[in-house]
Amino acid sequence: MSLKHIIQKAVGAYLNISAYIAPKHTARLGFDLFCRPFSKKLKPHQKKYLEDAKYMELNHAGKKIQTYKWGNGSKNVLLIHGWASHSYRWKSYIEDLKQGDFTIYAIDAPGHGLSEGKYLTLIIYSELIADLISKIGKIDAIIGHSLGGYATILYLNQKNENSQVKSVIMGAPGEVSDFFEFYQKMLGLNQKTISLVNQEFLDRIGKNPSAFSAPLLAKNLTNPSFIIHDRFDKDTDFNYSVKLNAAWLDSVLKITEGLGHGLKSKSIEKEVINFISQN
């Protein structure tokens with residue numbers, strides 16, 4: 001067993017024991033742990049690429065959130081990365097979009113890329129999307145991967161004026177409960193600990209995790225959407241996108257095979273750009 005796994009199991013054992021001794025402490029600590037991304041450190045060439053495109057800084061809870069801008073086209077497109085990622089993951093898209101009539105924006109979520117902070121939730125991410133778009137003025141398309149796609153769905157659900165915004169949702173999870181299940185398996189948490197964290201979620205957010213089901217959020221969406229998922233995605237179940245497509249009125253679903261969770265493919269990229277380019 002690696003040192004990383006030993007640490008994970010030790011944290012899980014601590015939470016399981018403290019659940020009986022100090023349940024309130026366990027609930028707070030467990031919830032905060034679930035919201036802390038294991039972000040990847042930027043490599044020098046990635047950092048240089050992003051620093052060359054710095055746009056402006058947003059602010060969340062006293063932390064600076066970095067955004068980016070490339071190109072000067074008439075259509076504004078926003079790129080939203082996933083958990084433990086950063087805006088460099090869109091480099092290939094950015095370079096191709098710059099060849100067209102696009103102005104490209106991106107954001108590093110809290111605790112990711114060049115943004116400060118160590119705390120991220122679905123709600124925080126959707127609020128930051130709204131904040132950035134309000135500063136841009138208008139947006140024509142949003143491309144979101146994984147948690148970024150999930151946050152995009154929540155954002156669109158809460159903004160009626162976005163009925164014409166094209167959205168591309170790639171490899172997105174469908175239920176908040178997935179995050180609880182992921183950490184439960186990774187840390188070896190017992191049911192009492194998970195129940196405490198679920199209650200903390202309800203106390204802080206004011207809604208049960210089930211209220212953020214992606215198909216439920218998409219039920220009232222009317223904007224055009226291109227949903228993409230790989231059948232063999234090991235991080236998020238492709239059936240979530242099947243359900244999302246069924247709930248989303250104006251959506252098209254593409255199931256790939258062999259691209260995994262990253263969905264990095266020039267052919268997929270071409271389809272995405274064609275989709276957002278259409279009038």
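This is a predicted model: local features need pLDDT of at least 70, side-chain atom pairs count only at pLDDT 80 or more; totals for chains, interfaces and linings use all residues.
Which residues of helix 11 are buried? Let me start there.

Helix 11 covers residues 266-277, which makes 12 residues. From its first C-alpha to its last it reaches 16 Å, close to the 16 Å expected at 1.5 Å a residue. Now the answer. The buried residues of helix 11 are Ile268, Glu269, Val272, Ile273, Phe275 and Ile276. Look down the axis of helix 11: these buried residues fall within an arc of 155 degrees, so they line one face of the helix. On the other side of helix 11, Lys266 and Lys270 are exposed.

Two of those names belong together. Lys266 and Glu269 form a salt bridge through their side chains, at 3.2 Å from N to O. Both sit in helix 11, three residues apart, which is about one turn of the helix. Glu269 has 3%, so it is buried.

Leu263 lies in the loop between strand 8 (251-256) and helix 11. Its phi is positive, about 55 degrees, although Leu263 is not a glycine. Most residues other than glycine have a negative phi. Leu263 is also buried, at 1% relative accessibility.

On to helix 8, residues 191-205. Helix 8 has 15 residues, which should span 21 Å at 1.5 Å a residue; its end C-alpha atoms are 21 Å apart, so the two agree. Which residues of helix 8 are buried? They are Thr193, Ile194, Leu196, Val197, Glu200 and Phe201. Down the axis of helix 8, they fall within an arc of 160 degrees, so they line one face of the helix. The face turned away from that buried side carries Gln191 and Asp203, both exposed.

Now salt bridges. How many does the model have? The count comes to 10 salt bridges. Side chains of opposite charge can pair when their charged atoms come close. Take Arg204 and Asp32, whose side chains meet at 3.0 Å, N to O. Arg204 lies in helix 8 and Asp32 in helix 2 (residues 23-34), so this pair ties together parts that are 172 residues apart in sequence. Arg204 is partly exposed, at 37% relative accessibility. Asp32 is partly exposed as well, at 25%.

Another pair is Lys138 and Asp140. Their closest N and O atoms are 2.7 Å apart. Lys138 is partly exposed, with a relative accessible area of 40%. Asp140 is also partly exposed, at 27%.

Next, Trp83. Where is it? Trp83 is found in the loop between strand 3 (75-80) and helix 4 (91-97). Its relative accessibility is 23%, so Trp83 counts as partly exposed. What does Trp83 touch, leaving out residues up to four places away in sequence? The list is Phe34, Cys35, Arg36, Pro37, Phe38, His112, Leu120, Leu147 and Tyr183. The C-alpha atoms of Trp83 and Phe275 are separated by 25 Å, and the two residues are 192 residues apart along the chain.

Ala84 lies in that loop between strand 3 and helix 4. Its phi is near 60 degrees, a positive value in a residue other than glycine. Ala84 is buried, with a relative accessible area of 13%.

Last stop, the surface. Which residues make the nonpolar patch of about 390 Å²? Ile17, Tyr20 and Ile21 make it. Ile21 has its place in helix 1, residues 3-21. With a relative accessible area of 67%, Ile21 is exposed.

To recap. Helix 11 has its buried residues along one face, and helix 8 has its buried residues along one face. The Arg204 and Asp32 pair ties together helix 8 and helix 2. Leu263 has a positive phi, and Ala84 has a positive phi. That is my tour.

Terms used. Residues are numbered from 1 along each chain as its sequence is written. Side-chain values use heavy atoms; hydrogens and water are left out. Helices (H or I, at least four residues) and strands (E, at least two) are DSSP runs, numbered from the N terminus. Buried means under 20% relative accessible area, exposed over 50%, partly exposed in between (1.4 Å probe, protein chains only). Contact means heavy atoms within 4.5 Å. The expected span of a helix is 1.5 Å times one less than its number of residues. The arc is that of the directions from the helix axis to the C-beta atoms. Patches are made of residues with over 30% relative accessible area and no salt bridge: like charges are joined within 9 Å, nonpolar side chains (Val, Leu, Ile, Met, Phe, Trp, Tyr) within 5 Å. Accessible areas come from the Shrake-Rupley method with a 1.4 Å probe; for residues, only the protein chains shown count as cover. A salt bridge is a side-chain nitrogen of Lys or Arg within 4 Å of a carboxyl oxygen of Asp or Glu.
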